[in-house]
Amino acid sequence: MIKNEEKQTSMNSYLSPLVRDIPPSGIRKFFDLVSASKDKDIISLGVGEPDFCTPWHVREACVYSLERGMTKYTSNAGLIELREEIGNYLHHQFKVTYDPAKEIMVTVGGSEAIDLALRALIAPGDEILIPEPSYISYSPIASIGGGKVVGIETFAKDEFKLTAESLKAKLTPRSKILILCYPSNPTGAIMSYEDLLPIAKVVEEHDLIVISDEIYAELTYDRKHVSVASVPGMKDRTILVSGFSKAFAMTGWRMGYACGHPDLISAMLKIHQYTVMCAPVMGQVAALEALRNGMEEKDRMIESYNQRRRLVVKGFREIGLECHEPQGAFYAFPSIQASGMTSEQFANRLLEEAKVAAVPGDVFGLGGEGFLRCSYATSISQLNESLERIGKFMDKVRNNL
């Protein structure tokens, strides 16, 4: 007779090797330590989430939809009114035009859109090119889909931008998909039109498909976001992924969308039909309200992030930690190499000794070691206090070097 402990251990043999071999999220692993701590004095700079609440009129639109009994399924692709509004928004803001009926679908967050895009495109052995440091979900999702992940290291000296030379150096006959995330999580880097032109040329020459994660598109500070889909020749070979989580403070609503060639969106829609059916209707109503009437609140939140961005970058530099100036998103990515510690050692000691939680840069892949991701989507007072604590911590570290 098998004991319970033996049963539990033996269950691993039933798991797909693709899933079993994926490591747990490096971010969640670190913040499990924070959650387990009973210390109420910890300041978290780790969560990639606005500290603002969803604007009241957006929440009210959801409540009113429930009062009207809007609790049914929508079209698999989402409410046509929402898709039309997404199309209008992208056209006016980022100069890309999509047919709402065939080229736009609403998803359960941007994360589902990325998953659908990769599953629709990957055949076993296909290579997926990912500039790193990068958002941690791309690589595991690509691996689960049977793809081979190829990291492309980017560097602070290049402002963490992907270059055509580094992209070409990683190409093989199996290269198929390039994932772009600009503005970048975790570095805050952006790509200008001039930066994207040589990338687009390589993509066309080598017949690649681009998945462009533009969830932070609205969060740029010194220049406007440029979508790779707006570059000549790139619209049909780009799947543009975005959503409402960051710019509209709607993380928990899980509302996203994907735009692209009708053949690509149709394939993604097949998977969507058999998995989640459609995004929740009340969330779609809220997203529609955000697009129609939420621009003033969005702009106010972005201005607040910009103020915090300047504060944090200046603070790290005064502490003596080199810090690339982020031009987008709401993350700073300071170098901690002056400490003589690895990113994980630094983050662990910072949490234990200074009561500040941030994410070690190595969890974001190539080029992340020696850096720390710090979200400035928290209050000015918390940021000031955290910078003071980090400064004192670094003084102690230097005295012991």
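Predicted model: local features only at pLDDT ≥ 70, side-chain atom pairs only at ≥ 80, totals over all residues.
Seven strands line up in the order β2-β8-β7-β6-β5-β3-β4, giving an open sheet with mixed pairing.

Strand β3 (residues 127–132) runs parallel to strand β4 (residues 148–153), and six bridges link them. To get from β3 to β4, the chain passes through helix α7 (residues 138–144), making a right-handed β-α-β crossover. Strands β7 (residues 238–243) and β8 (residues 255–259), on the other hand, pair in the antiparallel sense over four bridges. In that pair, G243 stands opposite G256 of β8.

Now for the helices. Helix α5 packs on the sheet and touches β2 and β8, with its direction at about 110° to that of β2. Helix α10 (residues 262–275) also packs on the sheet, touching β2, β7 and β8, and its direction makes about 30° with that of β2.

Helix α5 has a helix partner too. For α5 (residues 80–94) and α11 (residues 281–293), the axes come within 10 Å and cross at roughly 30°. Angles under 35 degrees count as roughly parallel, so α5 is roughly parallel to α11. The crossing itself is left-handed. On the α5 side, the contact involves E81, L82, E85, I86 and Y89, which meet Q284, A287, L288, L291 and R292 of α11. Sorted by type, the residues of this contact are six nonpolar, one polar and three charged.

Most peptide bonds are trans, and most residues other than glycine have a negative phi. Against that background, the bond from E132 to P133 is cis, with omega near 5°, and P133 is found in the loop between β3 and α7. Another cis peptide bond joins Y182 and P183, where omega is about -5°. This proline, P183, lies in the loop between β5 (175–180) and α9 (193–205). Then there is E159, a residue other than glycine with a positive phi, near 60°. Its place is the loop between β4 and α8 (164–169).

How values were computed
Residues numbered from 1 in each chain as written. Heavy atoms only, no water. Axes fitted to C-alpha atoms, helices over the stretch in contact; angles between N-to-C directions. Helix = DSSP H or I, 4+ residues; strand = E, 2+ residues; numbered from the N terminus. Parallel < 35°, antiparallel > 145°, perpendicular 65-115°, else oblique. Left-handed = near helix turned anticlockwise from the far one by under 90°. Contact = heavy atoms within 4.5 Å. Nonpolar A, V, L, I, M, F, W, Y, C, P; charged D, E, K, R; others polar. Pairing = 2+ DSSP bridges. Right-handed = clockwise from strand over helix to strand, strands pointing away.
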